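Visitor: I'd like to go through this structure with you. Can we start with the sheet and then turn to the aromatic rings?
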Amino acid sequence: MTNNNYTELSHSDDCEKYVNQFIQEFPLRSAEIGQGTVIKRALPSRHKRMIGAWCFLDHAGPVTFPQGDGLDVGPHPHIGLQTFTWMIEGTMMHTDSLGSKQLIRPKQVNLMTAGHGISHTEVAPDTETKMHAAQLWIALPDAQIAVEPRFDHYPELPVVEKDGVEFTVLVGAFLNTTSPVSVYTELLGVDLSAAESTKTRLTLNPNFEYGFMALEGTATVNGHELTEDNMVVLEQGVSAIEIEIHAGSRLLLLGGEPFESPILLWWNFVGRTQEELKIARDQWIAQDERFGSIPDYEGPRLEAPAFPDQMRASK
């Protein structure tokens with residue numbers, strides 16, 4: 001879906017009022033996922049289910065812990081999505097049923113394409129004492145929802161500077177710079193960091209919807225306050241935005257065209273029908289070969305929760 005009717009904005013009060021028609025902000029939900037690690041969940045939310053194909057967004061940390069007490073997530077399955085990890089501080093070992101084993105370090109991306117089915121673990125090394133990361137899922141489009149699973153590691157991402165802001169292009173193209181990360185839909189992901197307080201104007205694609213999250217510090221987006229406890233979302237139709245980033249702050253910008261069809265997101269699965277999700281759950285419980293195994297992991301697999309009677313589609 002596209003929206004080709006948009007207005008080029010000027011630096012004026014009328015501009016701010018115009019853009020504010022397309023902006024909403026909402027609070028994040030907080031939860032503890034073990035070892036004292038607090039996550040703040042932005043997507044999915046009752047306020048906004050998806051941004052483009054981005055269907056899940058957790059902000060984990062920053063957290064400090066004793067050696068040996070880091071995150072340890074046992075084997076668990078995925079279908080119908082790509083997992084996307086952006087590491088800001090600390091390290092984490094990814095191991096999956098394809099045989100991949102990869103340590104992710106700060107300023108690196110791990111991308112796991114689940115497709116038809118995969119399982120993996122995420123474990124902090126025994127010597128690690130810190131973690132700060134953004135964990136996202138990308139819904140696969142209908143034509144690729146059951147692709148063969150794969151794993152890709154991106155040790156370097158392109159960086160460009162403008163107005164005192166360092167932009168790391170995680171996904172898609174921004175400021176004439178293109179990320180090498182491979183996805184299946186038109187998406188954008190950018191990390192913005194500023195050592196000193198600064199203002200900048202960003203040119204946007206009016207066919208995209210966008211979301212801003214503060215990973216550290218605070219900012220304002222067209223006059224809307226952005227903190228580590230809320231998200232600011234722009235609907236389609238905006239071609240430029242004014243932002244002010246405060247000293248020492250780091251933001252995450254996501255964008256994409258509205259997704260092609262409604263999805264069902266349950267537990268670690270993305271699908272189109274409840275039946276396909278139930279089949280995947282039953283196969284995980286039965287230890288079906290669809291999800292393989294991770295023999296090197298010493299510990300239990302994650303158990304699938306009870307299957308719900310009804311689900312709400314995301315769009």
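Guide: First, a definition: two strands pair if DSSP finds at least two bridges between them. Strands are DSSP runs of E, at least two residues, and helices are runs of H or I, at least four, numbered from the N terminus. This is a predicted model, where local features need pLDDT of at least 70, side-chain atom pairs count only at pLDDT 80 or more, and totals for chains, interfaces and linings use all residues. Residues are numbered from 1 along each chain as its sequence is written, and side-chain values use heavy atoms, without hydrogens and water.

Visitor: Which residue stands opposite Asn230 in β22?
Guide: Pro27. Five bridges join β1 to β22 (residues 230–234), and the two run antiparallel.

Visitor: What is the strand order in the open sheet?
Guide: β1-β22-β19-β24-β17-β14-β13, with antiparallel pairing. β1 (23–27) and β13 (159–162) are at the edges with a single partner strand each, so one side of each has no neighbour in the sheet.

Visitor: Switching to rings. How many aromatic pairs are there?
Guide: Ten. Rings of Phe, Tyr and Trp (its six-membered ring) pair if their centres lie within 6.5 Å; planes under 30 degrees apart are stacked, over 60 edge-to-face, the rest tilted. Phe167 and Phe174 have centres 5.8 Å apart and planes at 45 degrees, so that pair is tilted.

Visitor: And Phe269 with Phe291: stacked or tilted?
Guide: Stacked, because the planes are at 10 degrees, with centres 6.1 Å apart. Phe269 is in β26 (residues 269–271) and Phe291 in the segment after α2 (274–285), 22 residues apart.

Visitor: Which residues form one aromatic cluster?
Guide: Trp266, Trp267, Phe269, Trp284, Phe291 and Phe307.
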